[in-house]
Amino acid sequence: MIKKIADRILKSYCHPDYYPDIQGDLDELYFDRKNNSTVAQFRHLFEVIKLFRPALIRPFYKNSLYNSTGMFKNYFKISFRNLIKQKAFSIINIIGLAVGLSAFLMINQYVMFEKSYDRFFSDSDRLYRLTTDQVLDGAIGTRDAMSFAPSGPALVDRVPEVINSTLTYQFNELVLRVEDRSVKETKAIAADSNYFDLFDYKILAGGDPNQMLKEPFSIVLTESRAKAYFGDQDPVGQAIKILSGFNQSFKVTGVMQDVPEQTHYKFDVLVSISSFQEDVDEDGWNSFNYYTYLKLAPNTDIDELRGKFPRMFELSGEEESDSNLEFNLQKVEDIHLYSDFTYEPEAHGSANTVLFLNIISILILIIAWVNYINLSTAKAIDRAREVGVRKAIGANKMQLIIQFLFESFMLNLLAVVLAIVMAQLSYSYFNHLVGKEVIENIWLNQLFLVKIFAFAFIGAIVSGLYPAFVLSSFRTVVVLKGRFRNSAKGILLRKGLVVVQFSVSLVLLAATFVVNRQVNFMQSVDKGIDMDFVVGMSRPGYSSGNREAMRIKFEQFKQRLLDHHAVENVGFTNSLPGGDLSDISSTTGEVQIIGKTDLMEGTTYMQWCDDGYFDAVGIRMIAGRNFDAEMVSDSAAIIVNESFLKRLGVNDYESVLNEKIQFGENDDGHKYRLIGIMKDYNRTSLKNRVEPTSTFYNTYANRVVVRLTPSSYQEGLAHLEETYKSYFPNTPLEYDFLDERFNNLFQEDQQFGNVIATFSLLAVIVASLGLFGLSAFMAINRAKEVGIRKVLGATIPQILSIFYREFIILIALSSLIGIPLVYYTMDGWLNNYAYRVDFPWIFVGASLLVVGASAFITVGYQTIRVAVKNPSETLRCE
Amino acid sequence: MKKYQLGEFEEIVLLTVGVLYDQAYGVAIKADIESRLERKVSVGALQSALRRMETKGFVESKSGEATAKRGGKPKRFFYMTSFGRAALEYNRQVRAELWNAMPDMTIEMKFS
């Protein structure tokens, strides 16, 4: 061992010519000692160390692979001198490249993060989610992320490619009692015992993962929850009481790793679905409230499988004509970015946003590279003489290309250093901007560092190659005679690149304005309800045993709240405004107003509320009346919204009042008397149209809205907290204001707006830096022309207009490219929203103005600097 | 004028190379010096002396056969060049002249 190390050391420093025989001598001596003892080995090592002498070590320059080290030293020196000499040029380029690189890579990290969702399971490429499509007249209607409970096992039996399935259910929330504390878990799911076979999270305690969810009333905790509940105690075997829904003690059967951010289905506690097996069985093929995941056999051709996948009626035993629902398979890895079904378990990401950011980041990088190309070809004139001299003393073209590439490498390397510093300083802001902990620490992020060097390398070649060819192709005689001018072709290219930069800046600025406009619109638009000083919260539910007692308690609670002068209205509902898409129930069955319309298929959303709800959130009735607690018949009454009637084709609202509404085609099913029609209001994000909604009367609904008097709302809140505590001491109170809930819904869009605003700004800054440098060179190059013009009597405004004329043409060209581009992309983006602003042309004009103004200021500044000079200075030397 | 630059250790090595004639490679030279002069010689000192003398032209070398004992590495045999021999002779001559030039007094002083 020691001998081996010694030999390696020797090889590393020994002169390659001497190495074989010295190593041979050493081996022979070592061999003669005839033992392999450690002492002998150390002696060997000692000899090797003593061999480290100037006469024997590897030379530094001679004998290396390149014999042109001297040339490289010279390139380095010249590059360095040029960097120092042209400070403005170097600083513009380095800052531009650094901003470009760090922005590009940070966005790249975000994109990778978004794309990495659900890829950490060992078989993630074979995991599919079974979803349900509503098919109306052959066209796919509502696509729902949920599925019927029996479908998973039925498919495993029937389709050989489906090798396993798991059934899961997502709770709205669970209220747990651990020892003497009550906790509310908002991320809780139930699953069957196959769950860990599909999603192989790391199990930290509890034994066989496939047994942990078998028994009813089992609960599996994530590591952080186990720690929070039980501290250092062994959580396995402990009891946790689940109050909401169950009122039953559960046994902790296992502890698993924390669920990472990168999955669409997050949870903190997991209970066995067998704990409510009767409910699951009852739902059967009747209602689909479950998420089913399937695992396919390896190498399954998914398109082929889709082709032969069974129809839903074949499994459910319905008649084909009765069923308008079909199975659909969705790749788990794609859910986060590509799925926009109803009832997603969480707000999903957007592939478009990711694409958009990706494009912005590439554009910023390109702008920075364009700066380099532009500036280094523009200042070619400064280097022309050097090239001429080099060529005259025998440099060939290849050497010159290498030299200029080398320069570009140096610049990029300096930019990398700055970029890393920038990224390190700004990554927490970036995380804040995108709302996720995407980047943790730049120094520890090896991938980031590797990438930054890789892209600097690519950038050095991409942006360095063209200038290198241009600079190296000067003809010696022409250059040295001093009759050198920039070629027309080069000027054209430079102008083309400037047009690209202008267009990109224009597009990004306009996009920023459009996004901003839409977000503001969504926040300020009339949503049909009045949410100021309205508090939403949930309260405990009831179980079948204490139904009547709880009803009385709820009623008392409501009265007690209303007693206070700062509480204006109190209402119960099952769906708070400002919630997710999936915060509401729905039925896919047929519906008709008896005698007025035909049966019509389509998703109808359903909510339940009491008589106080409409007033509490300020929903306006446009026909008919509110529910009335005094009227017993109102338990079979229904209030619908305008969208509901519009879909049925009813325009005369008064004519359908007091008619009966029937759900399902079975005419002896439930019928409801239509007593009121409410104005449409936005329940959730404005991406979605107002859903056709029917509202039923129910005093058990477990969400509460409380309207407070604006002037004394704080007293009202205090009263609310106190009353709640006295009535429901076991359940913690969590409330928020409804307008805040809505603002949270727009958070994603707002974030998107902030992200593109930030990066557009960066892009524009980098582009103007480049323009600043470029116009400086152009102005200096034309200094003589300006001088002559001045001598002949031109005024400064006249000179300015000559310079501006060129840029006006460039800006006009870039608006020709940019405006259609921005219209096409941003109008498409706005179309994502059911309620959108008109395309704001005025903001496109404004962005054009900003781009134009920044160009005029930079060009003007540089031109005036030259134009104010005394012609005697500029014309003196020739 | 300094005609030959030959250090004390170099001289010993060069002489040994001469003694061993066509068997003078690293290990043999080292062993010979160690046995005759009863002094330790490190491989490093020996090798750097040999290489130095090679660049000065006192010795020349050629690659020999490789043996398993040497880990498959060849021996490098060193031969004294005539220039090297001249250097040795010059050294001896200089010493002899110095001996001859030494007055007897020095010897007497040494004995007194």
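Helix α5 (residues 87-115) of chain A packs against helix α15 (residues 397-434) of chain A at an angle of about 45 degrees, and their axes lie 7 Å apart. This is a predicted model, in which local features need pLDDT of at least 70 and side-chain atom pairs count only at pLDDT 80 or more, while totals for chains, interfaces and linings use all residues. Residues are numbered from 1 along each chain as its sequence is written, and chains are lettered from A and ligands numbered from 1 in the order in which they are written.

Helices here are DSSP runs of H or I with at least four residues, strands are runs of E with at least two, and both are numbered from the N terminus. The axes are lines fitted to C-alpha atoms, for helices over the stretch in contact, with angles running from 0 to 180 degrees between N-to-C directions. Angles under 35 degrees count as roughly parallel, over 145 as roughly antiparallel, 65 to 115 as roughly perpendicular and the rest as oblique; α5(A) and α15(A) are therefore oblique to each other. Among the residues of α5(A) that meet α15(A) are L97(A), L101(A) and L105(A), and the partners in α15(A) include L411(A), L418(A) and F430(A). By class, this contact of α5(A) with α15(A) holds 19 nonpolar, 3 polar and no charged residues. Ala, Val, Leu, Ile, Met, Phe, Trp, Tyr, Cys and Pro count as nonpolar, Asp, Glu, Lys and Arg as charged, and the others, Gly among them, as polar.

A nonpolar core is a set of buried Ala, Val, Leu, Ile, Met, Phe, Trp, Tyr and Cys residues joined through C-beta atoms within 7 Å. A residue is buried if 20 or more other C-beta atoms lie within 10 Å of its own, exposed if 12 or fewer, and partly exposed in between, with C-beta atoms placed from the backbone. The largest nonpolar core has 101 residues, of which L101(A), I364(A), I367(A), A510(A) and A763(A) touch the most other members. A second, separate core of 54 residues includes L198(A) and Y293(A).

Chain A also meets chain B, through 18 residues from chain A and 16 residues from chain B; two residues are in contact if their C-beta atoms, placed from the backbone, lie within 7 Å. On the chain B side, α3(B) gives the largest share, 6 residues. That side divides into 3 nonpolar, 6 polar and 7 charged residues. R51(B) is found in helix α3 of chain B, and counts as partly exposed because it has 19 C-beta neighbours inside 10 Å. Leaving aside neighbours within four places in sequence, R51(B) is in contact with Y18(A), A55(A) and L56(A).
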